[in-house]
Amino acid sequence: MAVASGGAHGEDVVRQVLPGAQPPVAPQQLAREKAPDQSEIERFCSNIADAARDRRYALQAEELKQLQAGIDERMKALDAKKAEYETWLKRREVFLARAEDGVVKIYAGMKPDAAAERLAIVNADLAAAILMKLDSRKAGVILNEMDQKAAATLTGIMASAARRVDPS
């Protein structure tokens, strides 16, 4: 065993030296050897810069794919809503077209109590379409002569058909 004395602090440090081993290195030399020079750091950074950039691009591409999937999902929902609205609009147009002028004129010439009795028996959609094409005063008198439930049903149908916006 070798004994070394530390001069500055007066401490004795014991180090073991194995036969055939390199002599111990002073702590100051270790610190100098561990610190890489600036060119090594620059080389390391330049070597990983491409990989880091590629990883950033991959992450951005993945995020864009997720955003695109969300947009596609919303577009499908929008297309479904548009199809639903177009179906509703076609039903409304067909509904209003059912009450032809000839039929409307017939009911316009009838007495209110007789017209109320006949319209209560007819298909509710058709009856509501006829009432909508009649003069509002005449339609009001006919509804007044009807059974309460039938009048309420026809009024509900007429109100929903007269709506200009999507009911949903």
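This is a predicted model: local features need pLDDT of at least 70, side-chain atom pairs count only at pLDDT 80 or more; totals for chains, interfaces and linings use all residues.
**Entry 1: α2 against α5.** Helix α2, residues 38-98, packs on α5 at an angle of about 70°, and the two axes lie 7 Å apart. Angles of 65 to 115 degrees count as roughly perpendicular, and α2 and α5 are therefore assigned to that class.

I then listed the residues that make the contact. From α2 they are Phe 95, Leu 96 and Arg 98; from α5 they are Asp 125, Leu 126, Ala 128, Ala 129, Met 132 and Lys 133. Sorted by class, this contact has six nonpolar and three charged residues, with no polar ones.

**Entry 2: α5 itself.** I checked which residues of α5 are buried, and found Ala 127, Ala 128, Ala 129, Ile 130 and Leu 131. At the N-terminal end of α5 I found a cap formed by Asn 123, with a side-chain oxygen 3.0 Å from the backbone nitrogen of Asp 125.

**Entry 3: the largest nonpolar core.** I next turned to the largest nonpolar core, which holds 22 residues. The members that touch the most others are Leu 119, Leu 131, Leu 134, Ile 142, Leu 143, Met 146 and Leu 154. I traced the core to its helices: α3 (101-109), α4 (112-121), α5 (124-133), α6 (136-145) and α7 (148-162) each contribute at least two residues. Helix α7 gives the largest share, six residues.

**Entry 4: Met 146.** Which residues does Met 146 contact, leaving aside neighbours within four places in sequence? I recorded Ala 116, Leu 119, Ala 120, Ala 151 and Leu 154. I note that Leu 119 and Leu 154 are also listed with Met 146 among the core members touching the most others.

How values were computed
Residues are numbered from 1 along each chain as its sequence is written. Side-chain values use heavy atoms; hydrogens and water are left out. A nonpolar core is a set of buried Ala, Val, Leu, Ile, Met, Phe, Trp, Tyr and Cys residues joined through side-chain atoms within 4.5 Å. Buried means under 20% relative accessible area, exposed over 50%, partly exposed in between (1.4 Å probe, protein chains only). Helices (H or I, at least four residues) and strands (E, at least two) are DSSP runs, numbered from the N terminus. Contact means heavy atoms within 4.5 Å. A polar contact is a pair of N or O atoms within 3.5 Å; within protein, one must be able to donate a hydrogen and the other to accept it, and residues adjacent in sequence count only if both atoms are side-chain atoms. Axes are lines fitted to C-alpha atoms, for helices over the stretch in contact, and angles run from 0 to 180 degrees between N-to-C directions. Angles under 35 degrees count as roughly parallel, over 145 as roughly antiparallel, 65 to 115 as roughly perpendicular and the rest as oblique. Ala, Val, Leu, Ile, Met, Phe, Trp, Tyr, Cys and Pro count as nonpolar, Asp, Glu, Lys and Arg as charged, and the others, Gly among them, as polar.
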